[in-house]
Amino acid sequence: MNIWDSFEIPTLEDRQNLPHADVLHSLRIEESELGLDPSSFCLAHPRLRELIREYNNKVGDLMITYTLAYHYFRAGIPDDRWYQSPGKHGQSVQYMPDFSDEHWNRNMWFGYFTNVYYIWISSIWDSIIEIINHYYDYDFPVDLRLRNAVLKKLKDEHPNVHAIFHDILNADLYKKAQEYRTAASHGSSPNSIKNTIRYEKDIVSTFPVLDDNGMPVLDAEGKPITKRMKARKISFGIGKYTPTSVIFQNMQDYAKLSAEKIHEIMTLMRENL
């Protein structure tokens, strides 16, 4: 089946029975959480309403991406047994032995939308940093240094807000989500098979000493003379794979954690001002 022919729009049933939909919706920020009056312009924070709107638009995009990923996950991807050795036809290793053509396509689309999901949820946290930057009137330039600049300022001026970021950065759930996000950013889906080839440098090993003809040099007892040297090592293996069920569970759990922590941050910001 052509990959484009396998693309599907989620059904009404998918959209109505979306697991953790309430969690995704709870990522939204209400203007009132930061003290904005909907009937008046805020002179103290002139861009705050716009920044909140942009943030909520990202949450909407995240919901669409999550729905599409769920559609393909719900359709069925039998990847718990992701390799078999030997394979059904005598090959050394057979990957995804329970797949048929439609499963390969579903797995590809699921991988594509999870890539987008983790990039978007990371972007949502970038928007929180921008909101903090404006709310506290830091006004650091919005560039690659923004996150570090804002967190450093928070540590000095609002340590209770900074502590929430510190806790998130050290949470196993966050670290796994960042692993998936890094994979997505560098061209490898979280559900792709990786590390089948391992390359190591500066491995100290024992080698025979060779003469000019490439023959081993022997000692007085006729034993090969050896020496210890650094070398490069290439090894082959089955690799590493994360089943789609594990990834989808992380998508839900990380959204829940993010929603909880973002609203904690909003509450503290309003109290701290």
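Residues are numbered from 1 along each chain as its sequence is written, and side-chain values use heavy atoms, with hydrogens and water left out. Because the model is predicted, local features need pLDDT of at least 70 and side-chain atom pairs count only at pLDDT 80 or more, whereas totals for chains, interfaces and linings use all residues.

Helix H5 comprises residues 146-157, where helices (H or I, at least four residues) and strands (E, at least two) are DSSP runs numbered from the N terminus. The twelve residues of H5 reach 16 Å from the first C-alpha to the last, close to the 16 Å expected at 1.5 Å a residue, the expected span being 1.5 Å times one less than the number of residues. Leu 146, Val 150, Leu 151 and Leu 154 are the buried residues of H5, with buried meaning under 20% relative accessible area, exposed over 50%, and partly exposed in between (1.4 Å probe, protein chains only). Seen down the axis of H5, these buried residues fall within an arc of 120°, so they line one face of the helix; the arc is that of the directions from the helix axis to the C-beta atoms. On the other side of H5, the exposed residues are Asn 148, Lys 152, Lys 155 and Asp 156. The cover over the buried residues of H5 includes helix H4 (101-135) and helix H6 (159-169), contact being defined by heavy atoms within 4.5 Å.

Not counting residues up to four places away in sequence, Ile 132 touches Tyr 138, Val 150, Leu 154, Phe 165, Ile 265 and Met 269.

Gln 94, found in strand E2 (residues 94-95), is buried, with a relative accessible area of 13%. Beyond residues up to four places away in sequence, Gln 94 touches Trp 82, Tyr 83, Gln 84, Gly 87 and Lys 88. Phe 236, by contrast, lies in strand E4 (residues 226-236) and counts as exposed at 68% relative accessibility. Leaving aside neighbours within four places in sequence, Phe 236 is in contact with Thr 196 and Ile 197.
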